[in-house]
Amino acid sequence: MMEQPHSCCKGAEMLLNLQPTSSVSIQYHPFFGPHDDLVLLELDEKLLSDVLYQRVTLRGQPDEDAVLCTKSKTYLVKFVGTSNSVFLIPPADYSTSHESGGENYNQQVPTASVIKVAPGNMELVEVAPRLDKLKSILSENLYSSDEASTAMGDLYKWDDLINKVQASDDELKAGLQALSAVEIDGYWRIVDEKYMDVILRMLLHNSVLNDWSLDSLVEDKVVSVLESDGFPRKLVYHCLNVYGSRVEEAMDGGVWRLDARRVCVHFARGILREGKRKMESFMEEWLRMIPEEIQPSFDLLEGEVLTEKLGVETWVRALSVSSLPTTPADRFSILFKERAKWEWKDLEPYIRDLNVPGLSSEALLLKYTRRSQPSIDAEPVFSAR
């Protein structure tokens, strides 16, 4: 119960060593009020040091729910009301001593001053980074071959991105890598696919002319030759990063190997950019584009193309997992608009990258799909729930 002010008032410190069977008198603080700027935050112990040492940031625009980000994870900030009264007591140096003569004054009764009654507290729930916005804003202004003559739209530096995208620093870096974004003159850009096609084709052309092995491309030679062909040095390195990986480090430049899947996917996307193709026509053109050193297989296009039977013909059309939303509800909605029913072998490549803390792939399937199996030996089929 609230008591009248006493002469020996102390702050929150007096409660730290309070024994379970002990009690303390409380009173209204002189500054008691709603204090909307004071909010309780409930923390998991593993997050305590990050918060205490100011290694967290709150991110979000005015029209978005706030998220709290550590270096590597993102947490939704939720308000949870409580039916019990929670008294906030400030430190002693924030309290004021009051004297009120008589018996209470002589006994010097210790009293805690309550500055606010909290109706609830904020909780943190780990969530997947919200990277769809990253793809959206970077796709507005692609870097193209005629960049010098292109009217510049909105461009984004790292600080701009962390202010706009609700993701931790590590998750944002991973998102930029997944989009094959590159930092050019301090701004993060996605390079237009047609321009990337020109650079890759020139690299492959020079590999034939200069007898370069696609498994051991010498960095300095590749960069020097393509730079002399008029391509910016930064974009040549970017091409190596997008379509290959460094297999050897060296002081005078490393050695790179082109990745068969990335190269095969690139040319498949180019063929299907204008629409679906008959399987025979697609395969003929696709195989003609693939360098001799690379052994193409249709399995390499998993998660990039769909096949469908129309009469006696089999058709191929593009559906890249990278083009789909990262939120499960939106992802499944689009997938079931593409097909009312999915066999597992076709569906799995399009959901394996979904990352929802606390939910496994099986849990996502239970939440968003219905599973049916015509017979014991048949493959399971999934439809919208």
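Trainee: Which residues are exposed on the other side of H11?

Mentor: This is a predicted model, in which local features need pLDDT of at least 70, side-chain atom pairs count only at pLDDT 80 or more, and totals for chains, interfaces and linings use all residues. Residues are numbered from 1 along each chain as its sequence is written, and side-chain values use heavy atoms, leaving out hydrogens and water. Helices (H or I, at least four residues) and strands (E, at least two) are DSSP runs numbered from the N terminus; buried means under 20% relative accessible area, exposed over 50%, and partly exposed in between (1.4 Å probe, protein chains only). On the other side of H11, the exposed residues are Glu-280, Glu-284 and Arg-288.

Trainee: Which residues of helix H11 are buried?

Mentor: Helix H11 spans residues 279-289, and its buried residues are Met-279, Phe-282 and Trp-286. They lie on the same side of H11 because they cover an arc of only 65 degrees around the axis, taken from the directions from the helix axis to the C-beta atoms. Packing of the buried residues of H11 is against H10, S14, S15 and S16.

Trainee: In what order do the 3 strands of the open sheet lie?

Mentor: Two strands pair if DSSP finds at least two bridges between them. S14 (277-278) and S15 (305-310) are the edge strands, each pairing on one side only. S14 pairs with S16 (residues 313-318) in the antiparallel sense over 2 bridges, and Lys-278 has Trp-315 in S16 as its bridge partner. The order is S14-S16-S15.

Trainee: At what angle do H9 and H10 pack?

Mentor: Contact, meaning heavy atoms within 4.5 Å, is made by Asn-241, Val-242 and Tyr-243 of H9 and by Arg-262, Val-263 and His-266 of H10. The axes are 8 Å apart, and the angle is about 105 degrees.

Trainee: Is Asp-185 buried or exposed?

Mentor: Asp-185 lies in the loop between strand S9 (181-184) and strand S10 (187-190). Its phi is positive, near 55 degrees, although the residue is other than glycine. Because its relative accessibility is 72%, Asp-185 counts as exposed.

Key:
Axes fitted to C-alpha atoms, helices over the stretch in contact; angles between N-to-C directions.
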